[in-house]
Each structure stands twice: as C-alpha cells, then as structure tokens.
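Some notes on selected side-chain interactions follow, as numbered points.

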Amino acid sequence: MNVRERMKNGKLYFCTDPEIAREQLECLDRLYDFNQTRPSEMEKRQELLKSILAEVGENCYVEPPLHANWGKNTHFGSNVYANFNLTLVDDTDVYVGDSVMFGPNVTVATAGHPVDPELRRKVAQFNIPVHIGNNVWIGAGAVLLPGVHIGDNSVIGAGSIVTKDIPANVVALGNPCRVLREISDRDREYYYKELKIDIR
C-alpha cells in the first residue's frame, strides 16, 4: 500500500513525501486567493471555492477566511453555510450534507497522530473520514474529531468537542460532546428560551 492509499484508508503513514507537500502548497495558494476576495466578488469567490473543494452543491456560501489542508477531500451538499474561520483538516474525506450551517471558528479534523512519542517524532499520522448529515447546525468553536458521524437535523452546541457519533434529531453539547435531548415539539414553538416563533 503506497502513502496515498494509506492516507485514504485509516492507516498510519509518515508525512514526509515531497509530492504531498507540493500538492498541499497548491491548495494553500488557492485558499490565499479565496481569502483575499472582496465581499463584492461573489462570482469569483464561488469559482475559487469550486476549484478548492471536491464538490460544492448549489447555493453554498463560505465566509472567508477558510482554512484547509487539502480542500479536494471535502464534499459539500447544497445550501451549506460556513461562517468565519472554518478549518478543514481534510487529509481524507469530509462529507457535508445539504442545508448544513457552521458557526464561526469550527474545526473539522480527519487527521490524528499516534500517542507513541517515537512515531510522532517521525511525523506519523492517520486519517479517518468525517460525515455530517443533512440540516445539521454546528455551533461556534465546535471541534469534530476523526471518524465522527453526525446524524440529520442535529445541533452541536457551541464549543463542543465531538469525539464520537451523534445520532439524528438531537441537541448535543459539551466536552466531550453528549446528547442533551431530542429535538421536540417545543422546538417547533419556541426558537430561543421563551421567545415564540412568529414566522413560518
């Protein structure tokens, strides 16, 4: 198994291949261009985003700055919104469903390093894909770690550290992130504390 196959299959590998470094530099150059666009340059921004990511569905908006290790391993569905400072440690695939919202300063990390100090000294790494379902809201400052799956319609609270799978239709938060409750009828009546929904 070569380095690229190991990168995609959750195997340990060493991050010392000069060809890999060259490819990452190309991504960083495109990200630089994306992050320097003016707010009025929406068409240019969309073109750059499509050149950076593997897939970009309809009606996606990413607020600069965007950070990514590769870009080409991230797959966006339609109607994805990302606020400032989305960080994609996408050394393998990140799958984002439709109608997903990222608050500011969210990190999605597919990569990890072994705890063994000798392997870390040699810059050993592994990558496990992250899957985010449809209609998920990820609050400001949340961190999603390698291999997690987040189910459809769920909400991840601000500042949460997601270390394991979160099911569909729940509110989850904390460090480590845990399910607080299921999404309920009350959520269809109140949008925040005692504030009632008055539009549909």
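1. Glutamate 19 is partly exposed, at 32% relative accessibility; buried means under 20% relative accessible area, exposed over 50%, and partly exposed in between (1.4 Å probe, protein chains only). Its salt-bridge partner is arginine 22, with the closest N and O atoms 2.4 Å apart. A salt bridge here is a side-chain nitrogen of Lys or Arg within 4 Å of a carboxyl oxygen of Asp or Glu. Arginine 22 also counts as partly exposed, at 40%. Helices (H or I, at least four residues) and strands (E, at least two) are DSSP runs, numbered from the N terminus.

2. On the basis of the model: it is predicted, local features need pLDDT of at least 70, side-chain atom pairs count only at pLDDT 80 or more, and totals for chains, interfaces and linings use all residues. Residues are numbered from 1 along each chain as its sequence is written, and side-chain values use heavy atoms, with hydrogens and water left out.

3. The structure holds ten salt bridges. One of them pairs lysine 8 with aspartate 93, at 3.1 Å between the closest N and O atoms. Lysine 8 lies in helix α1 (residues 3–8) and aspartate 93 in the loop between β7 (86–89) and β8 (94–96), so the pair ties together parts 85 residues apart in sequence. Aspartate 93 is buried, at 13%, whereas lysine 8 is partly exposed, at 37%.

4. In helix α4 (residues 117–121), arginine 121 and glutamate 118 are three residues apart, and their salt bridge has its closest N and O atoms at 2.6 Å. Arginine 121 is exposed, at 59% relative accessibility.
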